[in-house]
Amino acid sequence: MRTQTPFPTNWPVLGMLPGLLLQIHRIHDWLTQVLEAANMTFLLKGPWRSGTDILVTVDPVNVHYILSSHFVNYPKGEEFQKIFEFLGDGIFNVDSGLWEEMRNSSHAIFSHQDFRSFSVSTSVSKLRQGLVPILENASEKNILVDLQDLFQRFLFDTSSILMTGYDPRYLSTEMPKVEWGAAVEGVLDGIFYRHFKPAFLWRLQHWIGVGIEKKMRSGIEVFDQWLGKIISAKREEIKNHEKGDAMDVLTYYMTINTEKYKLLKPGDDKFMRDIILGFLLAGRDTVSSALTWFFWLLSKNPEAMAKIRDEINKKMPKFDPTELHKLVYLEGAVCEALRLYPPVLFNHKSPAKPDVLPSGHRVDENWKIVISIYALGRMKSVWGDDAEEFRPERWITDSGTLRHEPSYKFLAFSSGPRTCLGKKLTFLQIKTVAVEIIRKYDFEVIEGHKPKPVSSVLLRMQDGLKNHQFYRPRKQPLLCTMAMIIGLLDIIIAFIFFLVLYCLFLHMRTQTPFPTNWPVLGMLPGLLLQIHRIHDWLTQVLEAANMTFRLKGPWRSGTDILVTVDPVNVHYILSSHFANYPKGEEFQKIFEFLGDGIFNVDSGLWEEMRNSSHAIFSNKDFQSFSVSTSVSKIRQGLVPVLENASEKNILVDLQDLFQRFLFDTSSILMTGYDPGSLSIEMPKVEFGAAVEGVVDGIFYRHIKPVFLWRLQNWIGVGIERKMRKGIEVFDRLLGKIISAKRKEIKIHGKGDAMDILTYYMTINTEKYKLLKPSDDKFMRDIILGFLLAGRDTVSSALTWFFWLLLKNPEAMAKIRDEINKKMTTFDPTELHKLVYLEAAVCEALRLYPPVLFNHKSPAKPDVLPSGHRVDENWKIVISIYALGRMKSVWGNDAEEFRPERWISDSGTLRHEPSYKFLAFSSGPRTCLGKKLTFLQIKTVAVEIIRKYDFKVIEGHKPKPVSSVLLRMQDGLKVSVTKI
């Protein structure tokens, strides 16, 4: 740093990766500095043997050579097509003959006069009926608008109309949620980071579904679902009405002449999806980006805005698309904005054969070559010393006409044979928008707003472009930088992991389940390879390790974990030496969102929480309240949904149904409030998405150093960002309920209410001195813990219980027979007679416990009965999932679903000690809701097994999510038949 050089150091093994990560938050500006100092071409070295070296160039002679004169030797290439695989066989992702036919056919439609007229009329109509009403409303009510969001909505609507003939109507004063937009951001951000990762790594992450690749997968699913519906509808439309006079691109390609274009496949829905997806992204995201940065530059340069407005008023008092060419200064300003802020930030090529560029740089076959369009537009050696300035005048000749710049210098629309076909359409749309709104409206960017470009493939502003003269944003200095650095720490770990991967594969040949303990990295690489099946893998490890194993984390990371399932250790930790094994500070940090709830506290406060909650849960009136609530919700909520599914022959997701059922019933029991989430309408359940984000984040906190996840949480990146949002949902929803409950008690008193919130708000503080009934935060902590326990553990148990029954029809038949014989009409007092049912529930809980592990930390150093020494504050994890599958505990058939193991020879239920059957924990912290859980599960089972039969959709295999609570990744989709 003392030399002030912009060049990153080329470190042994790691290459220039550390320097890249330090600059990732400003990657494009940094590359501009590097390329200016490196005579416009620079080799960015990736880690050793990672295949991530990149030759970056902005030298116009190289650009012309690659994109034009030697175009044939520089196709997209396999590397590009792998990275951008989501584009499929669209025009932006293919080479050679298919590309030529795509190019020629799309040129025919885009250059067609009728299509251009269709484009102008669509844009003008959407402006006047969509954009203008929103701006009018903002102006009249003096409210903030985000121009980036408005332009994205405007371009999505217009692009969708032009490409498919369908108007999604996202541009309206109601501002509906745009699922497509979030999908695009997730996919394009993921594509950006793929350029710095080895292909094997991002492919593995994509297959497993972790990190930014998980967002990519979700985004691609949105594309596929959305376009699938439109393509299907379009085929029906064409079938019924023929082509007609439709001018949209989808109709054009579905009815294209295959004699002329032999490689195109109009009858292939996937091919249609690929074509339209590429054009939609180009139409929505590049043009909206251009408009956003154009208006940002005008807001920073009011003299340019004034000149454009004056030119519009003088030369075009009334809008006429045929007269747009007269607005020379406007077009000069648009070109200048595209030079400084090109929507597509770089071009990626791979030579088919080794070559030497005009700059003298040798490139080998399949090298990764990146042309930085952003940096090229700012090169002083290309554009002059004022290259960083916004000066539309540079585009205007002395005679007042527009100055032409060669495409290899002004690369916003690419160059050579792949020059953007939509160039004229883009200028038409940008100028149309500019004319229509600049003449009518003025904008003022909120004070202190500085746009932060997102590190992505396409240029967009991180926080949008918000305009309002009174709005004052909360400033967050340095957070963007830190967020990018922390968000990319997984890349550092990944590359180090890459260096030892070949050793891992050699090690796997030994057929041992134990992960190798590597220098520095510990057992992290082995853990990462198994993260998608972590609980089954731990089962194998623990079976081979005599039921106790020390999982070593990276050096000095504080992530070592002693994992045990040895029943003598379990009994020792949870029962006989309970006092030395509290939750501990480590647990309370990780589960901090639970606050002072019963599941997160120790010592005196825990004892009072335990005693007070035992008093209410064991109360007969509360138990009756629980049964009546469950039965009512089953008959008025669950049964109507199943009836509807049976009658209409539609699929239902049992996991979702059980989560809704338990959310409603738990909410009634805990707060007295029924959210009504279980109904045929299936309303969105904000609480459910929040829970998933939080409990998944908690899982990953166990394998991250504390400093890292705390920093990520503070900044708000990765899964910690989802956690923060989830906790905000908890706080908001419970805050409203607690406030309403206080008012209710104040006005009407306690009355005969039996819900837990009322109970704790009116509790006797003489008896329970440490409880704080008047503290809303304390009430929130209590209720949140109980809600999670009531909704998520019981719904998990029900889901896996029914999955096992559907896989074991003989067990389902036995349960149905038992119900029909012993309980012809439902009576909760008779549930104990259903022995086989309860045995099947126990067996399901043994194999699929809702809470997958128990976390403890010793207060003082100790030696476990197994002989393992544990020091103060060590992280000890008891794997409840693995314990239920230990052959050394349950026999050689431990992996089998066999309810009979729970039934004695006399036909009664067999008791198993809690340190062996740990679904409800053990010792002083044994779950208080055990009886209530069995009551709810058996009530649901009796009420629906007697009436309905279910069939899992063909090929469905449940995938457990890597999380704290056990749930199925894709739900449990079934068909329903009434018996």
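Guide: Start with one cut-off: buried means under 20% relative accessible area. The model is predicted. In helix α2, residues 27–37, the buried residues are Ile-27, His-28, Trp-30, Leu-31, Thr-32, Val-34 and Leu-35. Just after α2, Asn-39 takes a positive phi of about 60°.

Visitor: Why is Thr-665 called buried?

Guide: Thr-665 has a relative accessible area of 0%. The cut-off for buried is under 20%. Therefore Thr-665 counts as buried. Its place is in helix α26, residues 654–671.

Visitor: What is Thr-665 in contact with, beyond its neighbours within four places in sequence?

Guide: Thr-665 is in contact with Thr-629, Ser-630, Lys-633 and Gln-936. Contact here means heavy atoms within 4.5 Å. The C-alpha atoms of Thr-665 and Ile-634 are separated by 9.5 Å. Those two residues are 31 residues apart along the chain.

Visitor: Why does Asn-854 count as buried?

Guide: Its relative accessibility is 10%. Buried means under 20%, so Asn-854 counts as buried. Asn-854 is found in strand β12, residues 853–856. Leaving out residues up to four places away in sequence, Asn-854 touches Leu-574, Lys-583, Ile-876, Val-877, Ile-878, Ile-880 and Ser-921.

Visitor: What makes Gly-749 partly exposed?

Guide: Gly-749 has a relative accessible area of 29%. Buried is under 20% and exposed is over 50%, with partly exposed in between. Therefore Gly-749 is partly exposed. Gly-749 lies in the loop between α29 (718–748) and α30 (756–761). From Gly-749 to Glu-543 is 56 Å, C-alpha to C-alpha, and 206 residues in sequence.

Visitor: What makes Arg-203 and Glu-85 a salt bridge?

Guide: The closest N and O atoms of Arg-203 and Glu-85 are 3.3 Å apart. A salt bridge needs a side-chain nitrogen of Lys or Arg within 4 Å of a carboxyl oxygen of Asp or Glu. Therefore the pair of Arg-203 and Glu-85 qualifies. The pair links distant parts of the chain, 118 residues apart. Arg-203 is in helix α9, residues 199–208, and Glu-85 is in the loop between α4 (77–83) and α5 (96–110).

Visitor: Are Arg-203 and Glu-85 buried or partly exposed?

Guide: Arg-203 is partly exposed at 36% relative accessibility. Glu-85 is partly exposed at 31%.

Visitor: How do you know that Arg-418 forms a salt bridge with Asp-95?

Guide: Their closest N and O atoms are 3.2 Å apart. The limit is 4 Å, so Arg-418 and Asp-95 form a salt bridge. The two are 323 residues apart. Arg-418 is in the loop between α16 (380–383) and α17 (423–438), and Asp-95 is in the loop between α4 and α5. Both Arg-418 and Asp-95 are buried.

Visitor: Why do Lys-833 and Glu-830 count as a salt bridge?

Guide: Their side chains meet at 2.2 Å, N to O. Lys-833 is partly exposed at 37% relative accessibility. Glu-830 is partly exposed at 22%. Elsewhere, salt bridges that share partners join Glu-336, Arg-339, Asp-386, Arg-391 and Arg-394 into one network.

Visitor: How many salt bridges are there by this rule?

Guide: The count comes to 66.

Visitor: What does UniProt place at Cys-420?

Guide: The unreviewed UniProt entry places the feature "binding site" at Cys-420. Cys-420 lies in the loop between α16 and α17. Its relative accessible area is 34%. That value is between 20% and 50%, so Cys-420 is partly exposed.

Visitor: Which residues does UniProt list for "transmembrane region"?

Guide: The unreviewed entry lists residues 482–505 and 782–806. Over residues 782–806 the chain is 100% helix and 0% strand. The end C-alpha atoms of that stretch are 36 Å apart.

Visitor: What lines the second largest pocket?

Guide: Its lining has 16 nonpolar, eleven polar and seven charged residues. Helix α36 gives the most to the lining, with six residues. The volume of the second largest pocket is about 950 Å³. Of its 34 lining residues, the closest to the centre are Lys-930, Lys-931, Leu-932, Phe-934 and Leu-935.

Methods
Residues numbered from 1 in each chain as written. Predicted model: local features only at pLDDT ≥ 70, side-chain atom pairs only at ≥ 80, totals over all residues. Heavy atoms only, no water. Helix = DSSP H or I, 4+ residues; strand = E, 2+ residues; numbered from the N terminus. Buried < 20%, exposed > 50% of the residue type's maximum accessible area, 1.4 Å probe, protein only. 1 Å grid on protein atoms, 1.4 Å probe; cavity = no way out; pocket = protein on both sides within 12 Å on 5 of 7 lines; lining within 4 Å. Points joined across faces, edges and corners; volume = space filled by probe spheres on them. Nonpolar A, V, L, I, M, F, W, Y, C, P; charged D, E, K, R; others polar. UniProt positions renumbered as here; feature names shortened; annotations may be inferred.
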